[in-house]
Amino acid sequence: QVGTQEASPGTPAINWDAYPESTALPELLKLKNGTTVKTPEDWMKRRRPELQELIQREMFGYLPAAQPFTATVTKMVPDAQAGKATLKEISLKFTQLPPEAPEIRLALWIPNRHPAGKIPVFLTLNYCGNANVTTDPHTTIHTDRYCSKKEWIGQRGAQADFWCVEQVIDRGYAFATYHESDTKADKNEWTDGLFPYLKSDQVPAGSQPATIALWAWGLLRCVDQLAQEPQLDPRRICLLGHSRRGKTVLFAAAMDERIALVVPHQSGTGGMALSRENNQETVERINRVFPHWFCGEFKKFGGNEPRIPFDQHAVASLVAPRLLLDTEGDQDAWANFPRSLETLKAIDPVWKLLGKTGLVGSGLITSVAEIQPGKVGELLQLRLPEKHTLTSEFWTGILNYADLMLPKSTTP
Ligand code: GTR
């Protein structure tokens, strides 16, 4: 089974010749065969697929193929959020998987008042159930899925101050979310969720999709649905996740070009922070404490970071030429915001190659007021005086950035 100690490839099988040591970051703009990447086409058609293959095989496991589903609206409330939004609860049931395979329960709030045209949407992955994200009394409470924080199971609005759904709605954005345990519980067990149905005999044990890949897969199925929603703008689908879920949204956006803006909030090791010279959470520790997040192959790099044939800059580079807003708290050292800023610097040449601005100046701003036309590019770190959490002030920055940088609305 992937993610267990047995799944780890183990030292004897590792041919370290295939993983030459380098403390410098592996080059992004060079193909495996040594050819320099010179054109946008070289990047998009040749280098990007190479890196996608590498990060899946060695770190996240292979993202399973999309699955067809039927989308059933299980609840529709036109005056949710005190009349400000229409709540749509949609069950995604996978038609080619056995009937006992769990469905994904997507909750979607669409603002009732918004500027003319199609509506942009923020999609998020939640920790303990859709009813947690808002105090809105209409959201269905589910208690049948795993959450390590037991007191939050079924607790309406437990994370309302964190998700700020009303603020998002007031700004004319839709808000969508699903509970991670629909696809995979956050623990080192592999019998629940969708893993039993999505693992593949074609994939080696050490590269089976691990938890983060399964969560990302679920988000991408939600994107399948959101892109079909007649009121929503498929060109303005934004993804936000916090911490382990920040790692997840970064991977999802790396794999799927439909994501216009990704916000890996305080994503740390395995997310925006480089693994090399990471003086906070090491690869050894993350693999030991959370053996189920990354695939078996990734275990061999614990204590061997210079052997990783890529680094997190390779994951983040796959978002090019789209928008990547790295939000950090300056009291959240564990997430390693300096090494995340290094990632932004390392990937900037890719945006420039694709004809984009990339970073403006150092790429770091420390207040929301600095989000102004011409002052920020597609790559930005917004670092606020905060701990390891999401706040209304972060949302203000995220929404201001989205207003400024997303493509303009398409008319319906
Ligand atoms: C920590 C873990 C981090 C981060 C965090 C979280 O314990 O070391 O990588 O993911 O959990 O998800 O809040």
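A salt bridge here is a side-chain nitrogen of Lys or Arg within 4 Å of a carboxyl oxygen of Asp or Glu. By that rule, Glu 342 pairs with Lys 345, with 3.6 Å between the closest N and O atoms. The model is a predicted one, in which local features need pLDDT of at least 70 and side-chain atom pairs count only at pLDDT 80 or more, while totals for chains, interfaces and linings use all residues. Residues are numbered from 1 along each chain as its sequence is written, and side-chain values use heavy atoms, with hydrogens and water left out.

Helices and strands are DSSP runs numbered from the N terminus (helices H or I, at least four residues; strands E, at least two). Glu 342 and Lys 345 both sit in helix 9 (residues 337-353), 3 residues apart, or about one turn of the helix. On accessibility, buried means under 20% relative accessible area, exposed means over 50%, and partly exposed is in between, using a 1.4 Å probe and protein chains only. Glu 342 comes out partly exposed at 31%, and Lys 345 is also partly exposed, at 41%.

A search of the whole structure turns up 31 salt bridges. One of them joins Arg 244 to Asp 186, with the closest N and O atoms 2.7 Å apart. Arg 244 belongs to helix 6 (residues 244-255) and Asp 186 to the loop between strand 5 (174-179) and helix 4 (195-198), so this pair ties together parts that are 58 residues apart in sequence. Arg 244 is partly exposed, with a relative accessible area of 24%, whereas Asp 186 counts as buried at 13%. Glu 284 and Arg 288 meet in another salt bridge, at 2.8 Å from N to O. Both lie in helix 7, 4 residues apart, which is about one turn of the helix. Glu 284 is partly exposed at 33% relative accessibility, while Arg 288 is exposed at 51%. There is also a network of salt bridges linking Glu 53, Arg 57, Glu 58, Glu 297 and Lys 300.

Next come the rings. Rings of Phe, Tyr and Trp (its six-membered ring) pair if their centres lie within 6.5 Å; planes under 30 degrees apart count as stacked, over 60 as edge-to-face and the rest as tilted. The whole structure holds 18 aromatic pairs. In one of them, the ring centres of Tyr 19 and Phe 301 are 5.5 Å apart with planes at 75 degrees, so the pair is edge-to-face. Tyr 19 comes from the segment before helix 1 (40-60) and Phe 301 from the loop between helix 7 (283-289) and helix 8 (312-317), so the contact ties together parts that are 282 residues apart in sequence. Both residues, Tyr 19 and Phe 301, are buried. Tyr 127 and Trp 152 make another edge-to-face pair, with centres 5.6 Å apart and planes at 70 degrees. Both of these residues, Tyr 127 and Trp 152, are buried too. Ring pairs also link Trp 16, Tyr 19, Phe 60, Phe 251, Phe 294, Phe 298 and Phe 301 into a cluster.

As for the nonpolar interior, a core is a set of buried Ala, Val, Leu, Ile, Met, Phe, Trp, Tyr and Cys residues joined through side-chain atoms within 4.5 Å. The largest has 82 residues, and those with the most contacts inside it are Phe 60, Leu 108, Leu 123, Leu 226 and Leu 324. Helix 5 (residues 211-226) gives this core its largest share, 11 residues. Apart from it lies another core of 38 residues, including Tyr 173, Ile 365, Ala 402 and Leu 406.

Finally, the sheet. Two strands pair if DSSP finds at least two bridges between them. An open sheet of 10 strands has mixed pairing and the order 1-2-3-5-4-6-7-8-10-9. Strand 1 (69-80) and strand 9 (364-365) stand at its edges with a single partner strand each, so one side of each lacks a neighbour in the sheet. Strand 7 (residues 259-265) and strand 8 (residues 323-329) run parallel, joined by 2 bridges. Val 262 has Leu 324 as its bridge partner in strand 8.
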